[in-house]
Amino acid sequence: MKQTFKIAATVSAALSTITLTACEPSAPPVAPDPSSQDVYFERLSILCGKAYPGQLVSDQEADADMMDQPMIMHVASCDQNQIQIPFHISNADGTWNRSRTWMITRTEDGLRLKHRHRHEDGSLDEVSNYGGDTAAKGTNERQEFPVDDESIALFKTTGLDQSVTNTWAVEISPPGEPDARFAYELRRPETAGGRFFRVEFDLSKPVDSPPPPWGD
């Protein structure tokens with residue numbers, strides 16, 4: 001009889017332990033640290049709806065008509081997967097070229113930069129939707145986009161063979177800092193003409209939103 005009681009007591013204690021263990025709340029899952037590309041994309045998202053003044057900071061002769069001309073970048077459209085940034089350039093006669101839009105998109109492997117070019121009547125330019133995907137993780141502040149195969153084929157078809165070695169970069173400082181800036185850059189190696197184009201925008205001085213780009 002005593003032996004039966006001991007066995008029952010042991011079973012009861014074990015069941016109590018199992019019940020208590022089952023009732024204890026499990027530790028919450030630890031969220032992974034955001035990647036540099038996540039931080040970068042979030043910084044761009046913070047600027048959504050805002051516009052900023054900029055200027056050409058490179059000095060190649062090929063861009064002489066843009067030298068000292070006012071420029072505006074407008075973070076016009078944002079969702080969880082894509083940010084569209086029209087790039088407006090003032091002409092010497094006071095009119096504006098509103099043909100360009102930069103599009104940064106999340107992909108399964110990283111980020112993608114594409115360029116959309118339209119004519120004033122809204123039609124797409126012959127050279128449009130070119131760009132590339134990130135090949136490395138980059139940093140919170142700078143992401144680089146080597147030219148992709150689709151763009152290489154487009155450049156060859158349209159006689160822009162020198163562009164098949166393009167690498168673009170887009171930079172974004174932490175918004176809110178006194179010297180925060182956004183920058184867009186194009187580089188091409190010396191073997192392909194040594195191209196360098198860079199514009200920078202002051203994120204501490206928002207301006208009124210410009211009219212939409214051509215075709216929107």
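In the predicted model, D202 is partly exposed, with a relative accessible area of 25%, a value that falls between the 20% limit for buried residues and the 50% limit for exposed ones. D202 belongs to strand 11, which spans residues 196–202. Contacts of D202 beyond four places in sequence involve Y52, P53 and A180. With P53, the C-alpha separation from D202 is 6.0 Å, although the two residues are 149 residues apart along the chain. The side chain of D202 also forms a polar contact with the side chain of S204, at 2.6 Å.

The disulfide count for the model is one. This bond joins C48 to C78, with an S to S distance of 2.2 Å. C48 is located in the loop between helix 2 (36–46) and strand 1 (51–56), whereas C78 is in strand 3 (residues 77–78), so the pair ties together parts that are 30 residues apart in sequence. The disulfide is right-handed because the torsion about the S-S bond of C48 and C78 is about 115°. Both cysteines are partly exposed: the relative accessibility of C48 is 33%, and the relative accessible area of C78 is 28%.

The largest pocket has a volume of about 490 Å³. Its lining comprises 23 residues, of which R100, H117, Y130, L186 and R195 lie nearest the centre of the pocket. At least two lining residues are supplied by each of strand 5 (96–106), strand 6 (111–117) and strand 10 (181–187). Classified by residue type, the lining of the largest pocket consists of 12 nonpolar, five polar and six charged residues.

How values were computed:
Residues are numbered from 1 along each chain as its sequence is written. This is a predicted model: local features need pLDDT of at least 70, side-chain atom pairs count only at pLDDT 80 or more; totals for chains, interfaces and linings use all residues. Side-chain values use heavy atoms; hydrogens and water are left out. On a 1 Å grid over the protein atoms alone, a cavity is a set of points where a 1.4 Å probe fits but cannot get out, and a pocket is an open set with protein on both sides within 12 Å along at least five of seven lines; lining residues have an atom within 4 Å of a point. Grid points are joined across faces, edges and corners, and a volume is the space filled by probe spheres set on the points. Helices (H or I, at least four residues) and strands (E, at least two) are DSSP runs, numbered from the N terminus. Ala, Val, Leu, Ile, Met, Phe, Trp, Tyr, Cys and Pro count as nonpolar, Asp, Glu, Lys and Arg as charged, and the others, Gly among them, as polar. Buried means under 20% relative accessible area, exposed over 50%, partly exposed in between (1.4 Å probe, protein chains only). Contact means heavy atoms within 4.5 Å. A polar contact is a pair of N or O atoms within 3.5 Å; within protein, one must be able to donate a hydrogen and the other to accept it, and residues adjacent in sequence count only if both atoms are side-chain atoms. A disulfide is a pair of cysteine sulfur atoms within 2.5 Å.
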